[in-house]
Amino acid sequence: ADHITLQQNPDAMDFIAENGPDTLINCISANFRTWNKEKNDWENNSSLEKQRQFIDAFYKRCSHSMEKPSLIDRGVQIILNSTTWEESTHDQAYRNIKEKLGLTHDDRSKIKMLINTTMSPWLSTQNTYERMAIIIRNELYNAYGAV
């Protein structure tokens, strides 16, 4: 949404006022899926261990603090960090993200998460988002190949 649309939405403005500037910091995760030839269908990875490996591989490629190239080095002003979520610290959010990612309910180990923030909260040009999407998509493919 552009700034005008946002400013004309009282609920959104109340949310921003209530939650403060940290709304520019997102905690996200991802998983991968594989093609099951027997079922002729895609299947989500259900292993938390492989999910952590997948996110670690992506993070190594895109993080500002690890091996190059990073997103910053490519002119995209986004900083990535990583963390993990546990059921004891994130309760229902932990269970919800596991379900959304298609991870097994039996394994109660940590889920690998990415934290992103931007060096410029005014990244509003479509070209910037398109470049970010292309870079991130390619790096997710690379991470999948590493797992």
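Okay, a definition to start: helices (H or I, at least four residues) and strands (E, at least two) are DSSP runs, numbered from the N terminus. This is a predicted model, so local features need pLDDT of at least 70 and side-chain atom pairs count only at pLDDT 80 or more, while totals for chains, interfaces and linings use all residues. Residues are numbered from 1 along each chain as its sequence is written, and side-chain values use heavy atoms, with hydrogens and water left out.

How confident is the predictor? pLDDT is its confidence in each residue, from 0 to 100. The protein chain has a mean pLDDT of 81, and 76% of its residues reach 70 or more.

Now, the nonpolar surface patch. Leu-6, Met-13, Phe-15 and Ile-16 make it, about 310 Å² in all. Patch residues have over 30% relative accessible area and no salt bridge; like charges are joined within 9 Å, and nonpolar side chains (Val, Leu, Ile, Met, Phe, Trp, Tyr) within 5 Å. A salt bridge, by the way, is a side-chain nitrogen of Lys or Arg within 4 Å of a carboxyl oxygen of Asp or Glu. The areas come from the Shrake-Rupley method with a 1.4 Å probe, and for residues only the protein chains shown count as cover.

Which helix gives the largest share of the patch? That's H2, residues 10–19, with three residues. Leu-6 sits in H1, residues 3–7, and is partly exposed at 31% relative accessible area. Buried means under 20%, exposed over 50%, and partly exposed in between (1.4 Å probe, protein chains only). At the N-terminal end of H2, Asn-9 is the cap, with a side-chain oxygen 3.0 Å from the backbone nitrogen of Asp-11.

On to the strands. E2 (residues 33–36) and E3 (residues 41–44) pair in the antiparallel sense over four bridges; pairing takes at least two bridges found by DSSP. Arg-33 has Asn-44 in E3 as its bridge partner. Four residues lie between the strands of this hairpin, and Asn-40 takes a positive phi near 55°.

Last stop, Lys-112. Buried or exposed? Buried, with a relative accessible area of 14%. Lys-112 belongs to strand E5, residues 111–118.

Terms used: pLDDT = per-residue confidence, 0-100. Polar contact = N/O pair within 3.5 Å; in protein donor to acceptor, adjacent residues only side chain to side chain.
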